[in-house]
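Please read it alongside the sequence and the coordinates.

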Amino acid sequence: MSEPHFFTKSNPISVASIVEHVGANCAEDVNLDQSITDIAPISEARTGHVTFLDNPKYVEDLANTEATAVLCSKRYVAKVPDGVLALEVKNPYQAFSQVSALFYPQAMSPLPFFGSEGGISQGAHIHPTAQVESGVTIEPGASVGAGAEVGAGTTIGVNAVIGQGVRIGRSCHIGANVVLQHSLVGDHVILHPGVCVGQDGFGFAMSPKGHQKVPQVGRVIIQDRVEIGANSTIDRGANKDTVIGEGTKIDNQVQIGHNVEVGRHCVLVSQVGISGSSILEDFVAIGGQSGVAGHIRIGMGAQVAAVSVAKDDLPAGGRYGGVPAKPVRQWFRELAAIKKLTEKE
Amino acid sequence: MSEPHFFTKSNPISVASIVEHVGANCAEDVNLDQSITDIAPISEARTGHVTFLDNPKYVEDLANTEATAVLCSKRYVAKVPDGVLALEVKNPYQAFSQVSALFYPQAMSPLPFFGSEGGISQGAHIHPTAQVESGVTIEPGASVGAGAEVGAGTTIGVNAVIGQGVRIGRSCHIGANVVLQHSLVGDHVILHPGVCVGQDGFGFAMSPKGHQKVPQVGRVIIQDRVEIGANSTIDRGANKDTVIGEGTKIDNQVQIGHNVEVGRHCVLVSQVGISGSSILEDFVAIGGQSGVAGHIRIGMGAQVAAVSVAKDDLPAGGRYGGVPAKPVRQWFRELAAIKKLTEKE
Amino acid sequence: MSEPHFFTKSNPISVASIVEHVGANCAEDVNLDQSITDIAPISEARTGHVTFLDNPKYVEDLANTEATAVLCSKRYVAKVPDGVLALEVKNPYQAFSQVSALFYPQAMSPLPFFGSEGGISQGAHIHPTAQVESGVTIEPGASVGAGAEVGAGTTIGVNAVIGQGVRIGRSCHIGANVVLQHSLVGDHVILHPGVCVGQDGFGFAMSPKGHQKVPQVGRVIIQDRVEIGANSTIDRGANKDTVIGEGTKIDNQVQIGHNVEVGRHCVLVSQVGISGSSILEDFVAIGGQSGVAGHIRIGMGAQVAAVSVAKDDLPAGGRYGGVPAKPVRQWFRELAAIKKLTEKE
């Protein structure tokens with residue numbers, strides 16, 4: 001990494017420690033005493049660096065890497081050039097991530113924005129009826145509304161807004177400029193800057209005379225270990241709750257409508273939109289810029305490709321793509337058929 | 001609704017009052033003295049609850065509902081199970097919305113974020129030349145710039161930014177972290193958190209030497225009773241005004257370019273983008289994630305389906321879909337023809 | 001322009017000055033002493049106004065314009081009605097932009113939000129270890145974190161958040177409610193309100209047991225003269241830097257993933273998403289709502305149409321469109337072939 005670092009790097013770590021930490025296999029004659037000083041991407045790694053190979057696109061870079069060690073799967077071990085240590089692992093990205101965490105333990109959760117002093121800033125606005133546990137950091141300009149509760153070890157970033165009655169668990173990171181209303185938030189939750197949670201869902205009874213606002217009296221429930229990306233928006237339920245299940249990871253600029261239930265360990269990539277009252281079962285993954293229509297159910301583990309639209313219920317476990325989304329093989333067949341049409345002409 | 005409530009619920013209301021309030025028809029032998037305690041969705045309603053049936057997807061839930069009363073149209077009255085009151089109305093969603101407003105009158109406009117004290121917080125920043133009428137609430141961290149004006153009964157949420165010279169009417173709710181510049185805002189307007197209004201439009205005179213910024217000297221006019229969802233963005237006009245017409249409702253993460261004129265009572269669902277200088281006549285509706293090209297006109301009452309793109313002018317009153325948008329029937333025919341192609345193979 | 005103006009307009013300017021400033025040609029008998037008082041769009045221009053014709057859609061307006069003078073290319077000079085001065089230029093939009101800048105020099109960079117006093121507001125939060133050069137404006141509620149640096153002539157808008165260690169160059173405008181972390185920003189950069197830069201990229205090692213966070217230890221480098229639209233989000237690099245090249249212009253609600261390298265003088269229209277680790281070479285232009293897949297390269301000067309998706313590398317200089325993006329001619333052929341299919345039926 002180039003200067004200046006925003007994170008403090010740990011001391012050098014021996015290859016032996018890395019091998020043990022990630023459970024890697026390596027040739028018997030490897031010098032395990034060598035010292036690793038940092039992580040790096042494969043094309044930029046130099047002596048002292050550990051890197052990884054996961055995406056086949058970067059195989060060519062493997063031949064030229066100057067890294068000291070490469071985490072890779074069995075199939076690529078033979079392609080690791082002489083003088084570079086091949087550390088064989090089943091899941092190179094996961095192993096690299098574990099090594100990254102050894103070098104940069106600070107980076108496993110966002111840093112405070114203003115400084116490292118901790119405590120409650122004099123520039124924060126805490127309502128007298130709010131309840132803040134000990135060991136909470138509240139940065140300048142942040143506000144905690146009437147009756148709100150904040151659990152121990154949580155950081156409320158600069159200018160974040162915790163609305164009346166909101167409850168936030170322990171060890172959470174609430175990013176700068178986040179706005180939380182009508183929400184209950186679990187433990188170890190990360191909300192990146194600009195996230196808006198708990199505003200009114202988009203409910204109007206339409207008529208030729210104009211559109212009548214439908215009261216939105218539900219809440220948003222964000223379970224433990226959820227992470228939500230910058231400027232994403234999650235509306236509260238209309239007459240029930242909007243729920244984001246445990247361990248679910250949501251990227252930037254994602255929109256989630258009222259009454260939506262997102263299961264546990266789902267993955268929603270950036271700019272996805274989930275329309276109101278739909279249900280995503282556990283481990284559903286939705287690619288970037290895709291949409292999910294309202295009032296449908298996506299089965300457990302189903303995957304929807306990027307820039308696709310789930311219009312109707314999708315069965316569990318399958319892979320879908322296109323507008324409207326269909327099994328990916330059918331989607332590819334259609335794209336090929338369209339191309340062929342123009343070749344005939 | 002489950003605990004804790006973020007809204008105060010009204011006292012129980014008799015069936016008779018509800019029947020009268022929404023103008024429902026019901027069987028002659030109905031006990032109108034029964035008491036309704038809350039609203040609920042059809043699958044979660046229990047004794048004492050009133051619910052509604054609107055979307056045919058939920059007809060199956062009707063047979064099993066434990067609600068005390070169901071608002072539904074004539075066609076479903078016979079399917080309401082024994083022991084549940086059928087309240088026949090023409091527009092069940094509208095009627096349900098009216099009943100919801102009886103139980104939760106507070107929810108017809110967003111609550112203040114910090115507390116219910118009202119007044120001008122000592123933590124707000126009011127420029128000495130700003131003019132604030134009486135009965136205005138300005139929450140902590142909010143700012144009102146030089147020469148700006150705020151009308152009676154308006155709430156400026158925590159950390160909202162009212163730029164120099166901006167005028168806001170009466171009984172508006174400006175959400176937390178909203179940024180308003182170069183704008184004139186009417187009465188009864190609701191801006192949800194994170195909305196940005198009035199920044200420079202995207203105007204550059206491009207050249208191989210780089211791109212020259214074009215001054216954007218227009219304004220944004222937001223008329224009465226407009227509602228705009230979280231993190232939406234509306235650019236000010238380049239050399240005329242960007243206008244959002246009376247009663248128009250805009251969802252989250254919608255983008256509206258410079259010089260756009262949105263008519264009265266339009267509906268723009270989340271993640272829609274309207275390119276610069278286009279005109280939407282009154283009562284236009286655009287589905288989620290759809291786009292409107294620049295310099296075009298969408299006729300009065302036209303509807304564009306979700307994930308579609310209006311590339312050219314669209315006549316009034318029709319329904320359009322696809323990329324580029326065409327009459328929906330033609331769109332459906334094309335989707336069917338593509339599918340058929342692959343079946344031939 | 002209608003009242004009230006948010007910008008101060010310069011005094012009237014003679015036609016002679018305008019002709020000289022933009023290098024226009026005009027008929028020999030033109031009265032160059034006439035006075036121009038303002039700019040206006042062609043359909044709204046009146047006596048005293050200068051307007052321009054660039055988009056052929058507005059040719060009909062030319063016949064009826066009441067402007068005093070029209071900037072247009074050679075082909076339209078003969079169509080300028082009697083009594084209106086035709087000012088012939090090669091690039092009418094660029095010329096109009098130059099004239100606009102004469103009348104509204106203030107509008108070449110956003111105004112401060114709160115007032116025109118300048119200096120460091122008592123309502124700002126400056127960490128004692130931050131370094132702020134002279135001539136910096138820091139508005140109320142803005143914060144500058146530990147070790148951060150802000151160069152001379154830069155304005156930090158109301159409630160903007162400058163994170164620990166961030167460096168901002170000179171003559172920048174950082175909009176209200178912007179959040180900057182882990183970033184190095186050059187000179188003359190404009191960030192519009194609500195922009196979030198430098199938060200964690202979306203990196204998780206996924207597994208059936210849940211998803212393990214991958215530390216994101218890179219930075220964001222924003223080079224000189226970059227402009228970024230409201231509520232756009234740019235993630236910092238995972239193990240290298242995310243880079244936005246000199247002079248690049250980014251519209252509202254654009255998402256840029258970790259490790260992305262955007263070249264110099266690129267143009268990204270609103271709601272575009274660039275997936276992680278992709279490279280855009282110099283002068284690439286991407287239309288609104290389009291996507292770029294991860295780990296690909298878009299060659300120098302390539303243009304991707306709106307609502308399209310670059311799935312694989314695209315060669316330099318070409319024009320591409322569709323999902324997935326192909327040469328625009330092939331895209332148009334495919335759209336025509338699909339339409340034809342339904343006509344056969």
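A salt bridge is a side-chain nitrogen of Lys or Arg within 4 Å of a carboxyl oxygen of Asp or Glu. By this rule, B:K240 forms a salt bridge with C:E44, with the closest N and O atoms 3.9 Å apart. The model is predicted: local features need pLDDT of at least 70 and side-chain atom pairs count only at pLDDT 80 or more, while totals for chains, interfaces and linings use all residues. Residues are numbered from 1 along each chain as its sequence is written, chains are lettered from A and ligands numbered from 1 in the order in which they are written, and side-chain values use heavy atoms, with hydrogens and water left out.

**Relation of the copies**

- The copies use different surfaces, since 13% of the contact residues of chain A recur in chain B.
- Only 13% of the interface residues of chain C are also interface residues in chain A, so these copies too meet through different surfaces.

**Interface of chain C and chain A**

- In this interface 75 residues of chain C are in contact with 69 residues of chain A, contact meaning heavy atoms within 4.5 Å.
- The two chains bury about 5400 Å² between them, 60% of it on carbon and sulfur atoms; buried area is the accessible area (1.4 Å probe) that two parts lose on being put together, summed over both.
- Within chain C, the residues that lose the most area to chain A are C:F202, C:V217 and C:N239, together 13% of what that side buries.
- Across the interface there are 23 residue pairs in polar contact, both residues at pLDDT 80 or more. A polar contact is a pair of N or O atoms within 3.5 Å; within protein, one must be able to donate a hydrogen and the other to accept it, and residues adjacent in sequence count only if both atoms are side-chain atoms.
- Helix 5 (residues 328–344) of chain C supplies the largest share of the side that touches chain A, namely six residues. Helices (H or I, at least four residues) and strands (E, at least two) are DSSP runs, numbered from the N terminus.
- The chain C side divides into 27 nonpolar, 37 polar and 11 charged residues. Here Ala, Val, Leu, Ile, Met, Phe, Trp, Tyr, Cys and Pro count as nonpolar, Asp, Glu, Lys and Arg as charged, and the others, Gly among them, as polar.

**Salt bridges**

- Over all chains the count comes to 39 salt bridges, and between chain C and chain A it is two.
- The side chains of C:K240 and A:E44 meet in a salt bridge at 3.9 Å, N to O.
- C:K240 is buried, with a relative accessible area of 17%, whereas A:E44 is partly exposed at 36%. Buried means under 20% relative accessible area, exposed over 50% and partly exposed in between (1.4 Å probe, protein chains only).
- B:K240 lies in the loop between strand 24 (233–234) and strand 25 (242–244) of chain B and C:E44 in the loop between strand 3 (38–39) and strand 4 (49–52) of chain C, so this pair joins two chains.
- In that pair B:K240 counts as buried at 17% relative accessibility, and C:E44 is partly exposed at 37%.
- Within chain B, B:R264 forms a salt bridge with B:D282, the closest N and O atoms being 3.4 Å apart.
- This pair links distant parts of the chain, its residues being 18 residues apart; B:R264 counts as partly exposed at 37% relative accessibility.
- Salt bridges that share partners join A:D200, A:K213, A:R236 and B:E227 into one network.

**Two buried polar residues**

- C:Q199 is found in strand 19 (residues 196–199) of chain C and is buried, with a relative accessible area of 0%.
- A polar atom of the C:Q199 side chain lies 3.3 Å from the backbone oxygen of C:C196.
- Leaving aside neighbours within four places in sequence, the contacts of C:Q199 include A:H192, A:P193, A:A230 and A:N252, as well as C:Q181 and C:T233.
- A:T248 is found in the loop between strand 25 (242–244) and strand 26 (249–250) of chain A and is buried, with a relative accessible area of 0%.
- A polar atom of the A:T248 side chain lies 3.2 Å from the backbone nitrogen of A:H265.
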